[in-house]
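Colleague: Could you walk me through a few spots in this model? I'd like to go one place at a time.

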Amino acid sequence: MSDVKVDIHPHPMAFNRELKGTEVLLLYDMLEELPEAKRARVQRYLEGGGGVVILHHALLDYGDWPFWTNEVAGVKYFRKAAPGQPASTYKHDIEMKIRVVKEHPVVRGLKDFTIHDEGYKGMWFAPNITVLLETEHPDSDRPIAWISPYRKARVAVIQLGHGKEAHENPNFRQLVANAIRWAAKRLD
Ligand SMILES: [Zn+2]
């Protein structure tokens, strides 16, 4: 993406500084906890309208931060079982058929496609997410890409993207590029 300047901050360093000047925060980490000072930075960034793309492993981020799971990501992966709540599951190397179920800039140019990837299953979803892609695969939850219920900033969430096969899939590449440009308010 020649129109995008990328800064890579391996976790947990991404929020060691204020996020001012960042147009899109793309998360691909898998960090269980975020200290209060860093939470405040992320929240300030979002309230200032900063875009976010939450990719694959980052669906597991900050599971004990309700603002993040309920209002921003719109999803929660249960790392451990709790009374009345089985743990979520993952399955590598599955062939998922993906259906485009809504018109939206994030899925522009995409038609239904197949991808070799990892499925996540048994997650909680916020009732007010806007689902863009779905699968019927038995080893995955149905929503595959969605728009967050958060309204002060643009937040897109993509379950796909485990490894090389997914990253080389042109549909995945288009999806991520669209999501970055949409979250940055460069695509409407
Ligand atoms: Zn993975």
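Colleague: Which residues does His137 touch, leaving out those up to four places away in sequence?
Modeller: With contact meaning heavy atoms within 4.5 Å, His137 touches Ile94, Glu95 and Met96. This is a predicted model, in which local features need pLDDT of at least 70 and side-chain atom pairs count only at pLDDT 80 or more, while totals for chains, interfaces and linings use all residues. Residues are numbered from 1 along each chain as its sequence is written, and side-chain values use heavy atoms, with hydrogens and water left out.

Colleague: And is His137 buried or exposed?
Modeller: His137 counts as buried because its relative accessibility is 18%, where buried means under 20% relative accessible area and exposed over 50%, with partly exposed in between (1.4 Å probe, protein chains only). A polar atom of the His137 side chain also lies 3.0 Å from the backbone nitrogen of Asp139.

Colleague: What about Ser2, buried or exposed?
Modeller: Ser2 is exposed, with a relative accessible area of 84%, and from C-alpha to C-alpha Ser2 and Thr22 are 17 Å apart in space, although 20 residues separate them in sequence.

Colleague: Switching topic, which residues of helix 1 and helix 2 meet?
Modeller: Taking helices as DSSP runs (H or I, at least four residues) numbered from the N terminus, Val42, Gln43 and Leu46 in helix 1 meet Phe67, Trp68 and Val72 in helix 2. The residues of that contact divide into five nonpolar, one polar and no charged, with Ala, Val, Leu, Ile, Met, Phe, Trp, Tyr, Cys and Pro counted as nonpolar, Asp, Glu, Lys and Arg as charged, and the others, Gly among them, as polar.

Notes:
Helices (H or I, at least four residues) and strands (E, at least two) are DSSP runs, numbered from the N terminus. A polar contact is a pair of N or O atoms within 3.5 Å; within protein, one must be able to donate a hydrogen and the other to accept it, and residues adjacent in sequence count only if both atoms are side-chain atoms.
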